Amino acid sequence: MQAEISTGKFIVIEGLEGAGKSSAMALVKAFITELVGQEPVCTREPGGTPLAEKIRTLVKTADATDPLCDEAECLLMYAARAQLVANVIKPALAGGDWVLGDRHNLSSLAYQGGGRGLMPLVQTISAATLGSFRPDLTLYLDIPPAIGMARAANRGELDRIEQQALSFFERARATYLSLAAADDSIVVIDANQPLPKVHEDILSALNQHLRV
Ligand code: Z5A
């Protein structure tokens, strides 16, 4: 039976590399489709618009002759996000659609804020570009970085960010967990379990937070 839901919601999946976001996206997409009778608009960050996809290529590609500095990386993440929010996410929500995001602002807080040590800059740009706009629900798939990176390594060549030291991902994970502990709209899912159990926990969180 479909729930009585009149307005769109913004649901986001977060996690370090190898956490299992791809299969979680498929699971949550199917859940929302069943819940509201319509597929959500799916996005990924950085990316999701033609211009933001160009920025995605810039931030993922290493250039030894002109290395991307941390501040430029941070600004590019927000340039991509501003485009996506203005041209895709907000119009979809305004039209009553649900939006399912593969990463959003929490990634910048974790990677650029925690990982790069740029939290004051991240908070300033976040406030300036997003204001009070935020997801209705975020599922953070938590995985020890060494395990996630081992999973991701099986996919082949690592991109520029994936090549960072383990300590960078440890700082990002600590930031994810501390932000989740302070925010009821962020649910931590233990992604270091067999996949069926991870999916069971995701469905349980969705039922608890989205069924009215
Ligand atoms: N980034 C940033 O720094 N700041 C920002 O603001 C934003 C992003 C928005 C985006 O890369 C990069 O940009 C990312 C953060 C940074 N960089 N890093 N590093 P991306 O989108 O290309 O990559 P990703 O988001 O990290 O990865 P992904 O491929 O989309 O998904 P994933 O969660 O890493 O992994 P997966 O493909 O779902 O699973 C990986 C493998 O593990 C796969 O073979 C699965 O079958 C396996 N798996 C999954 N779950 C399990 C369990 N439970 N058991 C065993 N095996 C499993």
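How many cavities of 30 Å³ or more does the structure hold? The structure, a predicted model, holds one. The legends below begin with this cavity and then turn to the ligand.

**View 1. The largest cavity and its lining.** About 30 Å³ of space lies in this cavity. Its lining is made up of Glu 17, Met 149, Ala 152, Ala 153, Leu 158 and Glu 162. By class, four of the lining residues are nonpolar and two are charged, with no polar residue.

View 2. The ligand takes up the space of the largest pocket. Around the ligand are 27 residues, and the closest are Glu 17, Gly 18, Lys 60, Ser 108 and Arg 155. Glu 17 is also listed in the lining of the largest cavity. The shell around the ligand divides into eleven charged, nine nonpolar and seven polar residues.

View 3. A backbone N or O atom of Gly 18 is 2.5 Å from an oxygen atom of the ligand. For Gly 20, a polar backbone atom lies 3.0 Å from a ligand oxygen atom. Arg 103 has a side-chain N or O atom 2.8 Å from an oxygen atom of the ligand. The ligand taken alone exposes 1100 Å², of which the protein buries 81%.

**View 4. Helices around the ligand.** At least two residues of the shell come from each of the helices H1 (21–36), H2 (50–60), H3 (70–94), H4 (105–115) and H8 (195–210). Which helix gives the most to the shell around the ligand? H4 does, with four residues.

Methods
Residues numbered from 1 in each chain as written. Predicted model: local features only at pLDDT ≥ 70, side-chain atom pairs only at ≥ 80, totals over all residues. Heavy atoms only, no water. Near = heavy atom within 4 Å. Polar contact = N/O pair within 3.5 Å; in protein donor to acceptor, adjacent residues only side chain to side chain. Areas by Shrake-Rupley, 256 points an atom, 1.4 Å probe, with all protein chains shown as cover. 1 Å grid on protein atoms, 1.4 Å probe; cavity = no way out; pocket = protein on both sides within 12 Å on 5 of 7 lines; lining within 4 Å. Sits in = over half its atoms within 2 Å of the grid points. Nonpolar A, V, L, I, M, F, W, Y, C, P; charged D, E, K, R; others polar. Points joined across faces, edges and corners; volume = space filled by probe spheres on them.
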